[in-house]
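Work through the exercises below with the structure in view. Try each task before reading its solution.

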Amino acid sequence: MSTKSPECWAIDPQVDGLRVETAPGRAITLPFNQFAFAESVIDDKEQRLKLFFATHEILIEGHNLRRIEIAIQKRELSFVAKLSTNYHPLVNQGQPVILKIVVSEIVPPNKKSPSGNDSP
């Protein structure tokens, strides 16, 4: 049996993009040359980290996300995924825990929305 703590993120200094697993078997990879900036918000109970790329916004909610923020700043963050609640008790204290990931496509103002309806 493995004694390694389950992880919902990984770093690799050699990667050129971030792989975001949105559900088991479903992922999107965004190139670092399209990374614009990150924004973090810390509340009493949870932290939110927003990653902005040219075409997508990634919202990550969880605990101890500072290490993930530093990894994206260095462009070494290679992977993020929501950690199953079954594994929460196994995570070492102080390690990042991702509770939720939301990926939103950024639609330019001059492009129609996927539904075909333009909203002012």
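**Exercise 1.** Find the bridge partner of Arg19 in β7.

Solution. This is a predicted model. Start at Arg19 and look across to β7: the partner is Phe79. Now widen the view to the two strands. Strand β2 covers residues 17-23, and strand β7 covers residues 77-81. The two run parallel, and three bridges join them.

**Exercise 2.** Give the strand order of the open sheet of four strands, then work out which strands stand at the edges.

Solution. The order is β1-β7-β2-β3. The pairing is mixed. Next, look for strands with a single partner: these are β1 (9-11) and β3 (26-31). They stand at the edges, so one side of each has no neighbour in the sheet. On average it is 10°, direction ignored.

**Exercise 3.** Decide whether Glu69 is buried or exposed, and find what its side chain meets.

Solution. Next, list its contacts, leaving aside neighbours within four places in sequence: Ser40 and Leu49. With Ser40 there is also a polar contact between the side chains, at 3.5 Å. Then compare sequence and space. Glu69 and Ser40 are 29 residues apart along the chain, while 7.9 Å separates their C-alpha atoms.

**Exercise 4.** Which side chain of opposite charge is nearest to Glu61, and how far away is it?

Solution. Begin with the location: Glu61 belongs to strand β6, residues 56-63. Glu61 is buried. The nearest side chain of opposite charge is that of Lys100, 4.4 Å away. A salt bridge needs a side-chain nitrogen of Lys or Arg within 4 Å of a carboxyl oxygen. Glu61 has no salt bridge. Last, set aside neighbours within four places in sequence and collect the contacts of Glu61. They are Glu46, Gln47, Arg48, Val97, Ile98, Leu99 and Lys100.

Conventions. Residues are numbered from 1 along each chain as its sequence is written. This is a predicted model: local features need pLDDT of at least 70, side-chain atom pairs count only at pLDDT 80 or more; totals for chains, interfaces and linings use all residues. Side-chain values use heavy atoms; hydrogens and water are left out. Two strands pair if DSSP finds at least two bridges between them. Axes are lines fitted to C-alpha atoms, for helices over the stretch in contact, and angles run from 0 to 180 degrees between N-to-C directions. A polar contact is a pair of N or O atoms within 3.5 Å; within protein, one must be able to donate a hydrogen and the other to accept it, and residues adjacent in sequence count only if both atoms are side-chain atoms. Contact means heavy atoms within 4.5 Å. Buried means under 20% relative accessible area, exposed over 50%, partly exposed in between (1.4 Å probe, protein chains only). Lys and Arg count as positive and Asp and Glu as negative; His and the chain ends are not counted.
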